Amino acid sequence: SALRQHLYGFKILSTVETFHEDADPVGMNRPPFRPRLAISQELWSAHEDREMLRAATALGAEGVVLSLPRVQSEGRSAPSLRSYGQRLSDLSLEPVAMQSPVGPDSNGRIFSGKERQKELHEELKLAGEVALEVGARTVVFSSPGLRNGTFLENPTHFDEATDFLLGLSEI
């Protein structure tokens, strides 16, 4: 199937640990860890969304990592977003997280001053708001430069990245 072809071409597996809300805060009474398959919407085009989500369910996926543009293409109003979340639920797919919409220029925006960081914070805030309406409680933010460390060679970049990430807690 088309989904199987996508699976072999990309890294798509995520394990998600779920806990019961009433679990012991220390974790002693947590249910056993059970890895679950979540698939990213970034693997297919918007016009393939319904078909691929059905195929993901048929292959045993239990969750989906959402793409902000994909979800917003279904509508931007709260009722439209909740309807999209319900459609996922009808397919037995949990909206695990919203993938950050920042793209490859996130490094430049982190290290280009407070105004550019503020723009990035606003985009991530929007992603969080949309994620909540659809039913996801997490936004996944990635920055290739922070992963490979090349941007951190500049002595001021560590402090700038730290300030940026701390600022996320305020949005």
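Student: Which residue of β3 does V65 stand opposite?

Tutor: V65 stands opposite A97 in this predicted model.

Student: And what makes β2 and β3 count as a pair of strands?

Tutor: Two strands pair if there are at least two bridges between them. Five bridges join β2 to β3, so the pair qualifies. The two strands run parallel.

Student: What does the chain do between β1 and β2?

Tutor: The chain goes from β1 through α2 to β2, a β-α-β crossover that is right-handed.

Student: Why is this crossover called right-handed?

Tutor: Point the strands away from you and follow the path from the first strand over the helix to the second: a clockwise path is called right-handed. The crossover from β1 through α2 to β2 is of that hand.

Student: What makes you say that β2 is mostly covered?

Tutor: Five of its five residues are buried. In a regular strand the side chains alternate between the two faces of the sheet. In β2, G63, V65 and S67 sit on one side, V64 and L66 on the other, and all of them are buried, which covers both faces.

Student: On to α4. How do you know that its length agrees with what a helix should span?

Tutor: The expected span is 1.5 Å times one less than the number of residues. For the 13 residues of α4 (78-90) that gives 18 Å, and the end C-alpha atoms are 18 Å apart, so the two agree.

Student: Which residues of α4 are buried?

Tutor: L81, Y84, G85 and L88. Down the helix axis, the buried residues of α4 fall within an arc of 95°, so they line one face.

Student: Is Q72 buried or exposed, and how do you know?

Tutor: Its relative accessible area is 13%; buried means under 20%, so Q72 is buried. Q72 lies in α3 and touches L126 and V130, leaving out residues up to four places away in sequence.

Student: Which residues touch the most other members of the largest nonpolar core?

Tutor: Of its 22 residues, those are L53, L66, V71, L88, M98 and V134. The elements giving two or more residues to this core are α2, β2, α3, α4 and α6, and α6 gives the largest share, four residues.

Student: What does M98 touch?

Tutor: Leaving aside neighbours within four places in sequence, its contacts include L66, V71, V130 and V140.

Student: Last one: what pattern does the whole chain follow?

Tutor: Read along the sequence, α-β-α-β-α-α-β-α-α-β-α-α, which is eight helices and four strands. Buried residues make up 36% of its 171 residues.

Key: Residues numbered from 1 in each chain as written. Predicted model: local features only at pLDDT ≥ 70, side-chain atom pairs only at ≥ 80, totals over all residues. Heavy atoms only, no water. Buried < 20%, exposed > 50% of the residue type's maximum accessible area, 1.4 Å probe, protein only. Arc of directions from axis to C-beta. Contact = heavy atoms within 4.5 Å. Core = buried A, V, L, I, M, F, W, Y, C linked by side-chain atoms within 4.5 Å.
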